[in-house]
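Trainee: May we go through this model together? I would like to begin with the overall picture and then turn to the details.

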Amino acid sequence: MSVWTDAVDTQRAQEAVVLQCCPNGTRPDGVSPALPNSPEALARDAGAVAALGVRSLHVHPRDRNGRESLETTVIGTTVATIRAAAPHIEIGVPLARWVEPNAFRRTELAQEWAHLPRHARPDVVAINVHERGWETVCEAVASVGLGIELGVWTTGDAVQLRLAGVPPNTVRVTAEVTVTDPDTAVAEAVRLLRALSPMSAPILLHGEEGGAWPVLDYARRQGFDTRIGFEDTLTGPDGVWSATGNEELVRYALGQAVSPRFEDPARRPRRGLLGGRLGFGRSRASHRG
């Protein structure tokens with residue numbers, strides 16, 4: 001029996017797989033000229049990927065100074081701007097401890113977000129299981145009717161979630177493979193899935209940096225929801241060329257045609273299908289605490 005069959009029921013396995021786009025993440029301005037961090041740039045990319053069939057967006061809103069922010073005015077402006085460009089896409093934002101360390105303040109923010117106008121209110125709030133106070137924050141989010149996306153980064157997180165139980169209003173559990181070595185990322189994905197099994201909520205499986213494309217390929221073959229975007233990788237599946245935008249990454253993920261590049265003999269693809277290392281900055285595991 002496959003991990004997928006163990007993890008979710010037969011009805012879920014027969015549903016259409018969701019491809020989520022994560023257009024920016026924690027990446028700072030300057031790592032790519034195509035990185036969208038302003039509300040207008042995020043809205044532009046949201047419209048482009050929605051036209052390709054993407055139904056879910058996970059964004060990290062920024063204030064006017066380019067810093068990640070959870071403040072209600074920033075969330076409202078970002079979500080409303082995206083909604084105008086992609087009215088039917090699910091919009092999720094992280095209620096992250098690395099932005100606001102105080103769990104009580106995070107519960108207050110969730111309550112404030114719930115009072116935003118409908119078009120400016122996020123549909124889903126991402127909460128990481130390893131962050132202190134996650135259960136309290138989930139209670140606050142569920143109490144105001146917002147959806148929850150639970151981030152699970154390690155097998156220890158998975159065990160903790162199974163022991164605590166899936167909170168009400170959970171839309172999905174995101175299994176985040178933080179191992180960036182493309183040769184071992186899929187093995188780590190399998191370990192995470194086994195630790196989560198059985199799981200009553202849908203699972204979205206994804207990797208990052210060098211592990212992004214191998215894990216996405218594995219997720220698609222196994223029938224899991226998955227995601228792609230500049231938060232997870234700056235390059236296409238060959239690990240050589242920098243992507244021209246989130247739309248291009250989504251096209252790669254969907255197996256659609258992408259504009260050809262001029263051949264450069266100095267550039268060499270990673271070994272095998274997606275082998276080698278990218279070495280882009282730090283893993284999101286650095287935010288653990």
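Trainee: Among contacts between residues at least 6 apart in sequence, what percentage join residues at least 24 apart?

Mentor: The figure is 67% of such contacts in the chain, where contact means heavy atoms within 4.5 Å. Please note that this is a predicted model, in which local features need pLDDT of at least 70, side-chain atom pairs count only at pLDDT 80 or more, and totals for chains, interfaces and linings use all residues. Residues are numbered from 1 along each chain as its sequence is written, and side-chain values use heavy atoms, with hydrogens and water left out.

Trainee: How many helices and strands are there in the chain?

Mentor: The chain has 10 helices and eight strands. Both are DSSP runs numbered from the N terminus, helices being H or I with at least four residues and strands being E with at least two.

Trainee: And what share of the residues counts as buried?

Mentor: Of the 289 residues, 55% are buried. Buried means under 20% relative accessible area, exposed means over 50%, and partly exposed lies in between, with a 1.4 Å probe and protein chains only.

Trainee: Turning to helix packing, at what angle do the axes of H8 and H9 cross?

Mentor: The axes of helix H8 (residues 185-196) and helix H9 (residues 212-222) cross at roughly 50° and come within 8 Å. Axes here are lines fitted to C-alpha atoms, for helices over the stretch in contact, and angles run from 0 to 180 degrees between N-to-C directions. H8 is therefore oblique to H9, since angles under 35 degrees count as roughly parallel, over 145 as roughly antiparallel, 65 to 115 as roughly perpendicular and the rest as oblique.

Trainee: Which residues make that contact?

Mentor: H8 contributes Ala 185, Val 186, Ala 189, Val 190 and Leu 193, while H9 contributes Pro 214, Val 215 and Tyr 218. The residues of this contact of H8 with H9 comprise eight nonpolar, no polar and no charged. In that scheme Ala, Val, Leu, Ile, Met, Phe, Trp, Tyr, Cys and Pro count as nonpolar, Asp, Glu, Lys and Arg as charged, and the others, Gly among them, as polar.

Trainee: What about H3 and H10; how do their axes cross?

Mentor: The axes of H3 and helix H10 (residues 246-254) come within 9 Å and cross at roughly 20°. The two helices are therefore roughly parallel to each other. Asp 45, Ala 48 and Val 49 of H3 meet Asn 246, Glu 247 and Val 250 of H10. The residues of the contact of H3 with H10 divide into three nonpolar, one polar and two charged.

Trainee: Where is Ser 32 found, by the way?

Mentor: Ser 32 lies in the loop between strand E1 (19-21) and helix H3 (39-51). Ser 32 is buried, at 12% relative accessible area. Leaving out residues up to four places away in sequence, Ser 32 touches Phe 230 and Leu 234.

Trainee: Leu 109, then: buried or exposed?

Mentor: Leu 109 counts as buried at 1% relative accessibility, and belongs to helix H5 (residues 103-113). Not counting residues up to four places away in sequence, Leu 109 touches Leu 70, Glu 71, Thr 72, Leu 95 and Glu 100. Leu 109 and Leu 95 are 14 residues apart in sequence and 8.5 Å apart in space, C-alpha to C-alpha.

Trainee: Last topic: how many disulfides does the count come to?

Mentor: The count is zero disulfides, a disulfide being a pair of cysteine sulfur atoms within 2.5 Å. For Cys 21, the nearest cysteine sulfur is that of Cys 22, 6.0 Å away. Cys 21 is buried at 1% relative accessibility, and Cys 138 is buried with a relative accessible area of 1%.
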